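I opened this notebook to keep track of what I look up.

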Amino acid sequence: MKTILVTGGAGFIGSHLCEHLLQEGHHPICFDNFDSFYDPNIKIKNVEQIIKKFPERFEVVTGDIRNQEHVREVFKKNRIDLIVHLAARPGVRPSLENPLLYQDVNLKGTIVLLEACRENRVKDFIFASSSSVYGENQRVPFSEEDLNLHPISPYGVTKRAGELLCYAYHHLYGMNIACLRIFTAYGPKQRPEMAIHKFTRLVDQGEKIPMYGDGSSQRDYTYIDDLIEGIRATIHHHRGFEIYNLGESQTTSLKELIGLIEETMGKKARIEVLETQPGDVSITYADITKAKEKLGYQPRTPLREGIKRFVEWYKKEK
Ligand code: NAD
């Protein structure tokens with residue numbers, strides 16, 4: 001059994017991860033400030049559902065990763081084996097409006113955690129990076145070996161900078177650090193502003209879906225259970241410093257995505273065509289050869305099936 005500090009443990013990916021870690025017999029500590037990027041009540045509900053299932057073993061600490069005292073307190077009270085660092089200000093478009101906040105949470109917060117690891121000799125760290133670090137990269141599928149990265153949003157830059165910080169701490173202090181470049185995760189509890197959740201809600205309510213561009217932009221969508229398997233495999237197999245792409249290695253155009261949601265909801269979408277947004281990339285597409293070879297990562301959920309499961313969850317929750 002490992003004691004695992006999951007920062008951002010109340011969020012979409014974090015709450016799924018905490019639940020899986022508990023099922024595996026670990027002791028996850030969810031560290032989260034329940035910030036207001038989206039309704040904090042959703043995050044409170046996420047943790048309450050887990051507490052109900054694991055009342056004895058699930059620990060939730062309210063704290064801010066930018067605050068050294070909050071973070072030191074957790075390390076003082078627990079012998080932490082590993083950190084899975086998911087807490088962040090997410091989202092590409094909002095990062096254009098408030099780049100300083102993104103810098104503060106995503107960079108300063110990451111340094112505070114890495115420093116806490118150094119002070120407390122915690123050797124293992126997993127960092128949630130993003131496909132956004134690839135930016136307008138024309139060489140697809142995106143490979144970790146490609147060093148010619150040009151992120152085109154403040155969010156993407158904070159994630160790339162986070163990877164570089166991780167490398168420095170690995171080099172200086174011998175930490176084992178894995179940076180996971182996550183490609184658009186979706187499934188039950190997905191953040192409400194993300195495309196699949198937002199489009200499903202708008203179709204359901206008969207409201208217009210804003211379609212940025214001509215619908216030809218493509219994304220690699222990763223079903224949450226596949227992503228969690230990837231994170232669990234990283235916890236078990238990772239050593240040294242590595243960057244891994246975690247995606248499905250399939251791309252879907254925005255138009256196709258809307259079509260799949262219409263089909264699954266049994267209802268036509270009303271589409272409002274808008275101009276492409278600055279900061280948005282035209283394609284994300286993961287080469288997952290490395291994660292397959294080194295971690296045994298194997299995504300199994302086709303988008304059609306994943307959307308079906310998402311819509312089932314959505315209808316139950318609304
Ligand atoms: P989320 O917003 O649901 O979860 C992030 C959590 O971090 C939230 O619960 C939030 O309250 C918490 N948090 C924010 N600022 C904090 C702070 N200062 N101190 C403590 N906690 C704080 O987002 P998510 O979709 O679950 O994403 C998790 C991580 O994965 C993020 O780092 C995100 O950038 C990364 N990522 C996600 C995706 C995706 O498709 N969801 C894709 C690429 C990368």
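**Entry 1: the cavity lining**

I began with the helices around the largest cavity. α3 (68-77) and α5 (99-120) each supply at least two residues of its lining. I note that this is a predicted model.

Which helix gives the most to the lining of the largest cavity? It is α5, with four residues.

I then listed the lining by name. Q68, V71, R72, V112, E115, A116 and E119 line the largest cavity. I sorted these residues by type. Three are nonpolar, one is polar and three are charged.

How many cavities of 30 Å³ or more does the structure hold? I found one. I also looked up the space in the largest cavity, and it comes to about 30 Å³.

**Entry 2: α3 against α5**

Next I turned to how the two lining helices pack. The axes of α3 and α5 come within 10 Å. They cross at roughly 40 degrees. Angles under 35 degrees would count as roughly parallel, and 65 to 115 as roughly perpendicular. α3 and α5 are therefore oblique to each other.

Is the crossing of α3 and α5 left-handed or right-handed? I have it down as right-handed.

Then I wrote out the contact residues. On the α3 side they are Q68, V71, R72 and F75. On the α5 side they are V112, L113, A116, C117, E119 and N120. By type, this contact of α3 with α5 has six nonpolar, two polar and two charged residues.

I compared this list with the lining of the cavity. Q68, V71 and R72 of α3 are in the contact, and Q68, V71 and R72 also line the largest cavity. From α5, V112, A116 and E119 are in the contact, and V112, A116 and E119 are in the lining too.

**Entry 3: α7 against α9**

I moved on to another helix pair. Helix α7 covers residues 195-205, and helix α9 covers residues 254-265. At what angle do α7 and α9 pack? The angle is about 50 degrees, with the axes 10 Å apart. That makes α7 oblique to α9. The crossing of α7 and α9 is right-handed.

I listed both sides of this contact. α7 brings A195, I196, F199, T200, V203 and D204. α9 brings L254, L257, I258, I261 and M265. The contact of α7 with α9 divides into nine nonpolar residues, one polar and one charged.

**Entry 4: recap**

α3 with α5 is right-handed, and α7 with α9 is right-handed.

Key: Residues are numbered from 1 along each chain as its sequence is written. This is a predicted model: local features need pLDDT of at least 70, side-chain atom pairs count only at pLDDT 80 or more; totals for chains, interfaces and linings use all residues. Side-chain values use heavy atoms; hydrogens and water are left out. On a 1 Å grid over the protein atoms alone, a cavity is a set of points where a 1.4 Å probe fits but cannot get out, and a pocket is an open set with protein on both sides within 12 Å along at least five of seven lines; lining residues have an atom within 4 Å of a point. Grid points are joined across faces, edges and corners, and a volume is the space filled by probe spheres set on the points. Ala, Val, Leu, Ile, Met, Phe, Trp, Tyr, Cys and Pro count as nonpolar, Asp, Glu, Lys and Arg as charged, and the others, Gly among them, as polar. Axes are lines fitted to C-alpha atoms, for helices over the stretch in contact, and angles run from 0 to 180 degrees between N-to-C directions. Angles under 35 degrees count as roughly parallel, over 145 as roughly antiparallel, 65 to 115 as roughly perpendicular and the rest as oblique. A crossing is left-handed if the near helix is turned anticlockwise from the far one by less than a right angle, and right-handed if clockwise. Contact means heavy atoms within 4.5 Å.
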